[in-house]
Amino acid sequence: MFDSLSTLPPDPILGLISKFNADPREDKVDLGVGVYRNAQGRTPILDCVKQAETQLLNTEDTKAYIGPLGNAVFNQQMAELVLGDSHAELDRLALVQTPGGCGALRVAAELIKRASRTSSIWVSDPTWGNHVPLLGDAGVPIKQYPYYDFSTHTIRFEEMLACLEKVPANDLVLLHGCCHNPSGADLTREQWQAVADVAQRRGFVPFIDMAYQGFGEGVAEDAYGIRLMCEQLPEVLLALSCSKNFGLYRERVGAVAVLGASKAITTSHIASIVRGIYSMPPSHGAAIVANILSNDALRQVWFAEVDEMRNRIKAMRDQFVAAINNRGAEGRFDHIARQQGMFSFLGLGEREVAELADAYGVYMVGTSRISLAGLNHQNRDKFCDALMRVI
Ligand code: LMR
């Protein structure tokens with residue numbers, strides 16, 4: 001039976017890991033997968049994670065099942081982290097631990113299907129490469145709204161709003177909470193308000209993917225759009241990830257959250273969806289996050305570590321732009337200093353991206369999305385020199 005299947009091409013983002021690893025050049029540069037790296041090019045385990053993990057190993061006394069809803073302390077702490085601990089709607093938010101932000105997106109898609117067979121999800125053009133497989137493969141129709149202008153490197157906000165004005169009630173509009181992946185171009189506070197106003201008028205539901213809280217402007221600042229939407233609209237759907245801001249990538253820690261009519265009804269459906277897909281989430285990573293967020297001292301360590309990661313990426317953005325302009329790029333990449341989070345587009349074609357990999361060992365996604373977190377003082381000049389040669 002399985003003879004009918006043929007080999008698929010590698011995933012456009014994750015496939016870069018094996019390509020990069022297979023390259024024998026010592027000075028190769030990895031700007032591909034969105035994983036934070038420090039100034040030495042390593043992805044360290046955060047200090048707060050190490051401390052919380054040690055505590056956990058000393059105190060954990062069972063490996064019995066945790067149930068489809070996951071860790072209750074984690075769920076409460078994550079709700080407070082994303083909404084703030086005094087948000088008027090905090091008690092109405094149904095939040096459930098999931099295996100990473102991907103798990104959250106898939107559970108959300110299943111919930112959408114249960115609630116409405118006629119709803120579509122509108123994603124930004126462009127959006128993260130795994131949004132469409134995760135949501136579309138669940139069987140929810142996917143549509144696109146205009147978002148990024150590759151010639152001006154800004155948001156096509158007028159066109160985006162005009163498109164949203166036509167989105168029907170009960171469709172969902174997927175927004176990136178902060179640090180838009182792949183473009184790094186985020187909505188301003190006024191633009192969030194304008195989108196909330198259209199959602200109110202049209203009756204569509206904002207579906208906000210928050211994978212980088214703390215990597216844009218700050219932990220609270222990055223939640224501005226989510227908090228606003230939850231204050232002003234009757235229904236909001238959230239997918240949250242702890243991969244980047246807690247550095248817990250492989251532990252798969254995330255949460256799906258719904259603000260809607262009845263927390264009890266929504267939670268019962270999420271529990272039944274989870275039971276039908278993976279039964280329950282893994283315990284370890286969420287227990288670490290719960291330990292960090294419920295302990296004042298560890299929480300402070302975490303805030304400081306998130307600040308450090310954010311500031312390093314911002315510094316790399318500025319230094320890259322200065323270094324490439326010094327080589328005569330004449331402002332072609334200035335947008336990168338204005339954008340935020342891990343990613344930006346260089347604005348290269350596929351041929352140039354392939355040449356960077358083949359001739360210089362510089363790897364990035366085929367769309368010329370780079371992860372600024374992959375740059376450091378050792379590889380910055382090499383990258384800039386290679387880029388200048390290619391363009
Ligand atoms: C990325 O966009 O590079 C990350 O979110 C990793 C992934 O799973 O695609």
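Predicted model: local features only at pLDDT ≥ 70, side-chain atom pairs only at ≥ 80, totals over all residues.
View 1. Ala-261 belongs to the loop that runs between strand E10 (254-259) and helix H9 (263-277). Its C-alpha atom is separated by 7.7 Å from that of Pro-234, a residue 27 positions away along the chain.

**View 2. Val-274 in helix H9 and its distance to Arg-106.** Helix H9 is also the place of Val-274, and this residue is buried, with a relative accessible area of 0%. The C-alpha atoms of Val-274 and Arg-106 are separated by 9.8 Å, although the two residues are 168 residues apart along the chain.

View 3. Ala-109 is part of helix H4 and counts as buried at 0% relative accessibility. From the C-alpha atom of Ala-109 to that of Leu-135 the distance in space is 5.6 Å, while the two residues are 26 residues apart in sequence. Leu-161, for its part, is found in helix H6 (residues 157-164), and its relative accessible area of 18% places it among buried residues, because that class takes values under 20%. Leu-161 and Gln-191 are 30 residues apart in sequence, and their C-alpha atoms are 9.3 Å apart in space.

View 4. The largest pocket has a volume of about 1100 Å³. Its lining is made up of 44 residues, and those that lie nearest the centre of the pocket are Val-33, Gly-34, Val-35, Lys-244 and Tyr-249. By residue class, the lining of the largest pocket divides into 22 nonpolar, 12 polar and 10 charged residues.

**View 5. The aromatic pair of Tyr-148 and Phe-345.** A search of the whole structure finds 12 aromatic pairs. In one of them, the ring centres of Tyr-148 and Phe-345 are 5.5 Å apart and the ring planes stand at 40°, so the pair is described as tilted. Tyr-148 lies in strand E5 (residues 148-149) and Phe-345 in strand E11 (residues 343-345), so this pair ties together parts of the chain that are 197 residues apart in sequence. Both Tyr-148 and Phe-345 are buried.

View 6. Ring pairs link Tyr-36, Tyr-212, Phe-215 and Phe-343 into a cluster.

View 7. A cis peptide bond, with omega of about 5°, joins Asp-125 and Pro-126. Pro-126 is found in the loop between strand E3 (121-125) and helix H5. A cis peptide bond also joins Asn-181 and Pro-182, where omega is about 25°. The loop that holds Pro-182 runs between strand E7 (172-176) and helix H7 (189-202).

View 8. Although Ser-279 is not a glycine, its phi is positive, at about 70°. Ser-279 is found in the loop between helix H9 and helix H10 (284-293), and with a relative accessible area of 17% it is buried. Ser-368, likewise not a glycine, has a positive phi of about 75°. Its place is the loop between strand E12 (362-363) and strand E13 (369-371), and Ser-368 is buried too, with a relative accessible area of 1%.

Definitions and conventions. Residues numbered from 1 in each chain as written. Heavy atoms only, no water. Phe/Tyr/Trp six-rings, centres within 6.5 Å; stacked < 30°, edge-to-face > 60°. Helix = DSSP H or I, 4+ residues; strand = E, 2+ residues; numbered from the N terminus. Buried < 20%, exposed > 50% of the residue type's maximum accessible area, 1.4 Å probe, protein only. 1 Å grid on protein atoms, 1.4 Å probe; cavity = no way out; pocket = protein on both sides within 12 Å on 5 of 7 lines; lining within 4 Å. Points joined across faces, edges and corners; volume = space filled by probe spheres on them. Nonpolar A, V, L, I, M, F, W, Y, C, P; charged D, E, K, R; others polar.
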